[in-house]
Amino acid sequence: MSRLISVVSGWFLTGVLLSANAGAALAQEVSGGMGYQLRPGDVVAVSVWQEPDLEQLVLVRPDGGISFPLAGDLRAEGLTVDELAESLKSRLTRYIPNPVVTVTLQEIPGNRIFVIGRVNSPGDFPIMSRDVTVMQALSMAGGLTPFAKDRDIRVLRQVDGAEQSIPFDYRRAISGRGPEQSLLLQPGDVVVVP
């Protein structure tokens with residue numbers, strides 16, 4: 001019995017430590033440390049100083065572009081908010097002398113991963129980083145429950161319209177022995193913990 005309590009305590013502590021590290025990495029990326037790159041589905045607020053008619057929320061379309069008055073259509077996918085502001089500024093310069101453009105990220109509804117099954121807090125989670133691993137996703141979901149089958153975790157991913165199932169062995173990952181420890185998730189991935 002004490003061995004079971006020790007194992008469960010180790011899992012919980014690992015989850016807490018990973019959660020703290022993942023949260024710090026995500027906070028650094030959103031605050032501009034690494035520069036979050038916009039993706040389709042993101043919503044940004046654009047404002048131009050002293051131009052109240054040019055203040056609006058803008059959706060990044062599925063094709064990666066946006067439309068903005070006077071600037072027309074331009075690419076947003078893959079750009080940081082600062083790069084998008086510069087791109088808008090260069091387009092608006094034709095009509096407004098020295099425009100001061102501000103772009104802020106408002107929502108990231110299309111960039112989510114899902115964790116279901118035997119975790120403490122299943123649900124959907126925003127991914128603001130290009131580098132969210134399965135271990136970080138599990139920590140966002142509060143870690144595994146004591147009865148989780150930690151060697152049978154699967155990542156379900158849509159690839160060209162077909163579902164792909166990728167195995168993940170939690171025990172190998174925490175020991176550092178397997179390549180699973182660095183498996184990166186993509187928007188829409190579902191982590192299933194049986």
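This report walks through the salt bridges, strands, cores and a few single residues of a predicted model.

## Ground rules

Because the model is predicted, local features are kept only at pLDDT of at least 70 and side-chain atom pairs only at pLDDT 80 or more, while totals for chains, interfaces and linings use all residues. Residues are numbered from 1 along each chain as its sequence is written, and side-chain values use heavy atoms, with hydrogens and water left out.

## The open sheet

Let's start with the strands. Strands of a sheet pair through backbone hydrogen bonds, either parallel or antiparallel. Two strands count as paired if DSSP finds at least two bridges between them. In this model, 5 strands make an open sheet in the order 7-6-10-8-9, with mixed pairing. At the edges sit strand 7 and strand 9 (162-168), each pairing on one side only. From one strand to the next, the twist averages 25 degrees (axes are lines fitted to C-alpha atoms, for helices over the stretch in contact, and angles run from 0 to 180 degrees between N-to-C directions).

Strand 6 and strand 7 run antiparallel and share 4 bridges, and a hairpin of 5 residues joins strand 6 to strand 7. Further along the sheet, strand 8 and strand 10 are also antiparallel, with 3 bridges between them. There, Leu156 has Val190 in strand 10 as its bridge partner.

## Salt bridges

Side chains of opposite charge can pair when their charged atoms come close. A salt bridge is counted when a side-chain nitrogen of Lys or Arg lies within 4 Å of a carboxyl oxygen of Asp or Glu. How many salt bridges does the structure hold? There are 5 salt bridges. One of them joins the side chains of Asp124 and Arg112, at 2.6 Å from N to O. Asp124 is in strand 7 (residues 123-126) and Arg112 is in strand 6 (residues 112-117), so this pair ties together parts 12 residues apart in sequence.

For exposure, buried means under 20% relative accessible area, exposed means over 50%, and partly exposed is in between (1.4 Å probe, protein chains only). Asp124 is partly exposed at 36%, and Arg112 is partly exposed at 23%.

Another salt bridge brings together the side chains of Asp150 and Arg171 (2.9 Å, N to O). This pair links distant parts of the chain, 21 residues apart: Asp150 is in the loop between helix 3 (134-140) and strand 8 (153-159), and Arg171 is in helix 4 (residues 170-175). Is Asp150 buried or exposed? With 3% relative accessibility, Asp150 is buried, while Arg171 is partly exposed at 38%. Then there is Arg157 with Asp189, whose side chains meet at 2.7 Å from N to O. Arg157 is in strand 8 and Asp189 is in the loop between helix 4 and strand 10 (190-193), so the pair ties together parts 32 residues apart in sequence. Arg157 and Asp189 are both buried. Finally, Arg61, Asp63 and Asp73 are linked in a salt-bridge network.

## Nonpolar cores

A nonpolar core is a set of buried Ala, Val, Leu, Ile, Met, Phe, Trp, Tyr and Cys residues joined through side-chain atoms within 4.5 Å. The largest has 23 residues, and Leu138, Phe168 and Val191 touch the most other members. Strand 6, helix 3, strand 8, strand 9, helix 4 and strand 10 each give two or more residues to this core. Helix 3 gives the most, with 4 residues. Another core of 22 residues lies apart from it, with Tyr36, Val60, Leu74 and Ala85 among its members.

## A closer look at Val190

Val190 belongs to strand 10 and is partly exposed, at 21% relative accessible area. Leaving aside neighbours within four places in sequence, Val190 contacts Phe114, Ile116, Arg154, Val155 and Leu156 (contact means heavy atoms within 4.5 Å).

## Two positive phi values

Most residues other than glycine have a negative phi. Gln50, in the loop between strand 1 (43-48) and strand 2 (51-59), has a positive phi near 65 degrees. Gln50 is exposed, at 60% relative accessibility. Asn98 has a positive phi too, near 45 degrees. Asn98 lies in the loop between helix 2 (81-92) and strand 5 (101-107), and is exposed at 70% relative accessible area.
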